[in-house]
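Dear colleague,

Please find below the structure that I am passing on to you. My notes on it follow directly after.

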Amino acid sequence: MQFRFAHNNFNVRDLERSLKFYDEALGLKEVRRINAKDGSFTIVYLSDGLTPHQLELTWLRDWDKPYNLGDNEFHLALSVDDFGAAHHRHQQMGCICFENPAMGIYFISDPDGYWVEIIPSKM
């Protein structure tokens, strides 16, 4: 028996805002969408176009408050081939929420407060 990663899920309050953020910040593109027949939810899968792992964004029609992310100790991590250019883009977007220069990494925060770690491809 062998298990493989398939996706991670983030619940989002404004699906279009989140789709725009993940495209602009990380180049993630929609590859699949599921719409509930009654309109109660939409699930969108995003891909980096390189790996099989996907980010699932779930929008719930009847959710009317921010999601409780606890201490936000969980996160996704993405590596990037041009760390300096990525850092510059994220600075311009104003989404860097934490930097650790000693480790050579930083984190960005999405519109719902989820953290995404950015690491250089060669660490």
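**The largest pocket**

About 580 Å³ of space lies in the largest pocket of this predicted model. Its lining comprises 24 residues, and those nearest the pocket centre are Leu 26, Leu 28, Asp 48, Leu 78 and Ser 79. At least two lining residues come from each of α1 (15–26), β3 (41–47), β4 (54–60), β5 (76–80) and α2 (83–93). The largest share, 5 residues, is supplied by β5. Sorted by class, the lining holds 13 nonpolar, 8 polar and 3 charged residues.

**Charged side chains**

Side chains of opposite charge can pair when their charged atoms come close.

- Glu 24 counts as partly exposed because its relative accessibility is 39%, whereas Lys 20, at 52%, counts as exposed.
- Arg 33 is partly exposed at 33% relative accessible area, as is Glu 30 at 37%.

Asp 110, in the loop between β7 (105–109) and β8 (115–120), is buried yet has no salt bridge. The nearest side chain of opposite charge to Asp 110 is Arg 17, 8.4 Å away. The side chain of Asp 110 does reach the backbone nitrogen of Gly 113, at 2.9 Å.

With kind regards

Methods: Residues numbered from 1 in each chain as written. Predicted model: local features only at pLDDT ≥ 70, side-chain atom pairs only at ≥ 80, totals over all residues. Heavy atoms only, no water. 1 Å grid on protein atoms, 1.4 Å probe; cavity = no way out; pocket = protein on both sides within 12 Å on 5 of 7 lines; lining within 4 Å. Points joined across faces, edges and corners; volume = space filled by probe spheres on them. Helix = DSSP H or I, 4+ residues; strand = E, 2+ residues; numbered from the N terminus. Nonpolar A, V, L, I, M, F, W, Y, C, P; charged D, E, K, R; others polar. Buried < 20%, exposed > 50% of the residue type's maximum accessible area, 1.4 Å probe, protein only. Lys, Arg positive; Asp, Glu negative; His and termini not counted. Salt bridge = Lys/Arg side-chain N within 4 Å of Asp/Glu carboxyl O. Polar contact = N/O pair within 3.5 Å; in protein donor to acceptor, adjacent residues only side chain to side chain.
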